[in-house]
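Student: Please take a single part of this model and go through it closely. Give the cut-offs as you use them.

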Amino acid sequence: MKDAAIQTMSYTLDASQNRQDFLSYPNPIDLREIQGIVARGYGNLPAACYGLFHIKTPDLARPTLIELQSKLTYAEERPPLLAINLAWTYRGLRQMGLDENIADQFSNEFRSGIDTNHKRRILGDEGRNSPEFWDWGGPNSSPIDLLLLCYAVDQASLEHEYQNLKQTLAESGIEEVRRLDTQVLPDNKEHFGFRDGIAQPFLKEFDRKGRDLVAVPLGEILLGYPNGYDRYTQRPLIAAELDTASQLPPDPEGSPTRDLGKNGTYLVFRQMSQDIPAFWRYLQEQTSSSEEAVRLASKMVGRWPSGAPLVLSPEEDNTAIKDKDAFTYHDTDRQGFKCPLGAHIRRTHPRDSLQPEPGSEKSIAFSNRHRLLRRGRSYGAPFHPSVNPTEYLKQLSGTAYPEESPEKSSEDRGLHFICINANIGRQFEFVQHTWANNPNFNGLYQDPDPIIGSRSAYGLPQNRFTQQQPPVRCQFSGMPEFVGIRGGGYFFLPSRSALAFILSRGASA
Ligand code: HEM
């Protein structure tokens, strides 16, 4: 890694910042510059909502957005009560007057957005999941410029803060398009009943425990640092004379330009509704007891409901496993007898199992070029308050599958999937397209990711799940879609300096 990339920055600091603290901070990266959601998921702030906004009158909006800057939360602090982060669509940046020749240096994926014809093919957003049916973010819904991510210690504080913000924004012509609420489920579970948020890319710059693990290069998650190819990911670089207030850091690659991307990144948002009755009824139909149904569901996920990985505990759930992320696939489970080759976690992060040299450091490095920092939260009331698969199965007994199921038409629930990555094409889109939607992943045939994979490819159905086992594999077919897409967008999460620069552009004299 080049030294310049980890040097402490020496450009002008905001007057409100304490230079002494900043210089004495032990971390080589400037945590004051990075929006907090990159460093932490705000697990101590269980109440959360996301506001999608549209800027009607940029000149009216500007002073309010300039004021909003001081409310945003950065990685240096772990706020005990409230955190606010702000992300932008390409449209929003242009709307605020960011010059075309600067904005056009953002990645192609970000600029063209998530709902183009090309993207629907890549992401598998076809049929009822097509962007024209989305509640937000698609061609038939209101344009979105801003995403406000709000987190609070309790619901009352969240309400108070969000309503105040919404009103202030509305007074300056920034209109709420939609508010997305979240729901904390017991034991950090998602709605299907499995513990979520366990495995994350290890970034040593954000590690508070000094662990000695294989690290993902910071440039995979943040712009302006060397990535997994030891290169700098594409980002807007600006002629120094345009940065009149010397707000932006110098280009770490040494050119005379200023780096608008550094310490910023991209945030991918997918609202994914989860059909709990369809999932558990399918499993009930394929098995002869609730134990077997839970076992098959765990095979699909790659973890037991408690989060214990199948690779470490293949026969039964095991709550005693402490480090639930300490495993690889090649040496322990080459053939997928423990964790099936097409399981959700084995596809979305194949660890050391990729060709051409599975089991090698090279294989891990390859996999690490497609990592996602997940920051999503569930929404909607749980199907059963316990979020326990056995209770789900009990509750489902006796109801018809699935159209007549009374639960199906009840309240929408699912996951506000949020992930952070420096390269949307090589990370999020690759994982969804080349691994999750791929019917031939890992030598399989007609098998999508059982949780998030598209159920058709090239116009043909792909709805099978294969469980490798001796002496012969076991296949489950006719697997319906368990997850639907309700909305989505690609956002830029700017650094503190980049945001100040963006808001200084396009202001009328
Ligand atoms: C409703 C949708 C989804 C559900 C219910 C779901 C559920 C889960 C669960 C239960 C885990 C295991 C817990 C953990 O390792 O943290 C997991 C892991 C993971 N999921 Fe998902 N997920 C969903 C969507 C997605 C999407 C859209 C992607 C990416 C395109 C994705 C990528 C991942 C990754 C990368 C991991 C970690 C794998 C590892 O490092 O071992 N998930 N998911």
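Tutor: C150 is buried, at 2% relative accessible area; buried means under 20%, exposed over 50% and partly exposed in between, with a 1.4 Å probe and protein chains only. This is a predicted model, in which local features need pLDDT of at least 70 and side-chain atom pairs pLDDT 80 or more, while totals for chains, interfaces and linings use all residues. Residues are numbered from 1 along each chain as its sequence is written, and side-chain values use heavy atoms, without hydrogens and water.

The structure has 0 disulfides, a disulfide being two cysteine sulfur atoms within 2.5 Å. For C150, the nearest cysteine sulfur belongs to C49, 4.9 Å away. For C474, also in no disulfide, it belongs to C339, at 16 Å. C474 is partly exposed, at 25%.

Turning to the ligand, its iron atom has a single protein donor, NE2 of H344, at 2.1 Å; donors are N, O and S atoms within 2.8 Å of the metal (3.2 Å for Na, K and Ca), and sites may look incomplete because water is not among the atoms. H344 sits in helix 13 (residues 344–348), helices being DSSP runs of H or I with at least four residues, numbered from the N terminus. A polar side-chain atom of H344 is also 2.9 Å from a ligand nitrogen. For R351, a polar side-chain atom lies 2.7 Å from a ligand oxygen, whereas I198 places a backbone N or O atom 2.6 Å from one.

Methods: Helix = DSSP H or I, 4+ residues; strand = E, 2+ residues; numbered from the N terminus. Polar contact = N/O pair within 3.5 Å; in protein donor to acceptor, adjacent residues only side chain to side chain.
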